[in-house]
Amino acid sequence: MHPATPCPVRPAHDGDPGSSRPAPSPGTPAGLAPLGPPECHGGPRGLLGPDAVRQRAVREYDALRGAWEDLVAVHPPARPLGESVARHEAGPDGCPSARAKEEHLLQPPVQAVARRAVAGDPHFGRAFLTTDPVACFARDHAAAREVALRTAMAGHALLTLDGRRRDGGGEGYGEWADGRLEHLDPEAVVVDVLCHR
């Protein structure tokens, strides 16, 4: 889970003091009821709602994919960065990859995504400023949707209670991580942590 997308709490556990909830925003009136289902950033595994997190991840991916398809429908086709770099490296003049990157970034769909990311578009976050959107959306929709589903709870890496860390992205990560989380004791505390290396 990412702190921007907290985990729903099972309805029977709403208000449980064991859940880790974000502090209210400055200026929020005291006693103001939160909108939507109760959410947290961690707590005992038994009170978290992983199915709701998975369903939300798939809905968000579908919305993102739909936004991309709407965007590219009004622009000429674009090439992924890797294809541009390979084309330049294979050229007779041995064009540097910096020129290929520049050409890639100047493509209208890539520019449109960057503008939206800077403007705070809800679909294209700032991560798209350093990610190749053309390559990202070249993946099969169903396969990418399945990755969103499998990694919804475990996120990009999982640190187990015995101190082992496994990074996501590898074959079988989602199933392994979901299995680890599913078989934890209901009282074991699961916490989402945002960290940078």
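Over which residues does pLDDT stay under 50? The stretch is residues 17–28, for which the model has 17 contacts beyond four places in sequence. Here pLDDT is the predictor's confidence in each residue, from 0 to 100, and contact means heavy atoms within 4.5 Å. Over residues 32–40 the pLDDT is also below 50. That stretch has 18 contacts in the model beyond near neighbours in sequence. Where pLDDT is low, the predicted coordinates should not be read in detail.

The model is predicted: local features need pLDDT of at least 70, side-chain atom pairs count only at pLDDT 80 or more, and totals for chains, interfaces and linings use all residues. Residues are numbered from 1 along each chain as its sequence is written, and side-chain values use heavy atoms, with hydrogens and water left out.

The mean pLDDT of the chain is 77. A value of 70 or more is reached by 74% of its residues. Confidence is highest in helix 4 (residues 108–119), at a mean of 94. It is lowest in strand 2 (residues 39–40), at 48. Helices (H or I, at least four residues) and strands (E, at least two) are DSSP runs, numbered from the N terminus.

The largest nonpolar core has 15 residues. Such a core is a set of buried Ala, Val, Leu, Ile, Met, Phe, Trp, Tyr and Cys residues joined through side-chain atoms within 4.5 Å. Buried means under 20% relative accessible area, exposed over 50%, and partly exposed in between (1.4 Å probe, protein chains only). Trp68, Leu71, Val113, Phe124, Phe128 and Phe137 have the most contacts inside this core. Two or more residues come from each of helix 1 (50–72), helix 4, helix 5 (133–136) and helix 6 (141–150). Helix 1 gives the most, with 5 residues. Beyond four places in sequence, Trp68 is in contact with Pro109, Val113, Phe124, Pro133, Val134 and Phe137. Another core lies apart, with 12 residues, among them Ala152, Met153, Leu158 and Leu181.

Two packed helices are described by the angle between their axes and the distance between the axes. Axes are lines fitted to C-alpha atoms, for helices over the stretch in contact, and angles run from 0 to 180 degrees between N-to-C directions. Helix 1 and helix 4 pack at about 130°, with axes 10 Å apart. They are therefore oblique to each other; angles under 35 degrees count as roughly parallel, over 145 as roughly antiparallel, 65 to 115 as roughly perpendicular and the rest as oblique. Ala67, Trp68, Leu71 and Val72 of helix 1 meet Pro109, Ala112, Val113 and Arg116 of helix 4.

Helix 1 also packs with helix 6. Their axes come within 8 Å and cross at roughly 145°. On helix 1, the contact residues are Arg54, Ala57, Val58, Tyr61, Asp62 and Arg65. On helix 6, they are His141, Ala144, Arg145, Ala148 and Leu149.

Asp178 is in helix 7 (residues 173–182). This aspartate counts as buried because its relative accessibility is 17%. Beyond four places in sequence, Asp178 touches Arg54, Arg150 and Met153. Pro76 lies in the loop between helix 1 and helix 2 (81–90). At 46% relative accessibility, Pro76 counts as partly exposed. Its contacts beyond four places in sequence are Pro108 and Pro109. Pro76 and Pro109 are 33 residues apart in sequence and 7.7 Å apart in space, C-alpha to C-alpha. Pro122 lies in the loop between helix 4 and helix 5. Pro122 is exposed, at 76%.
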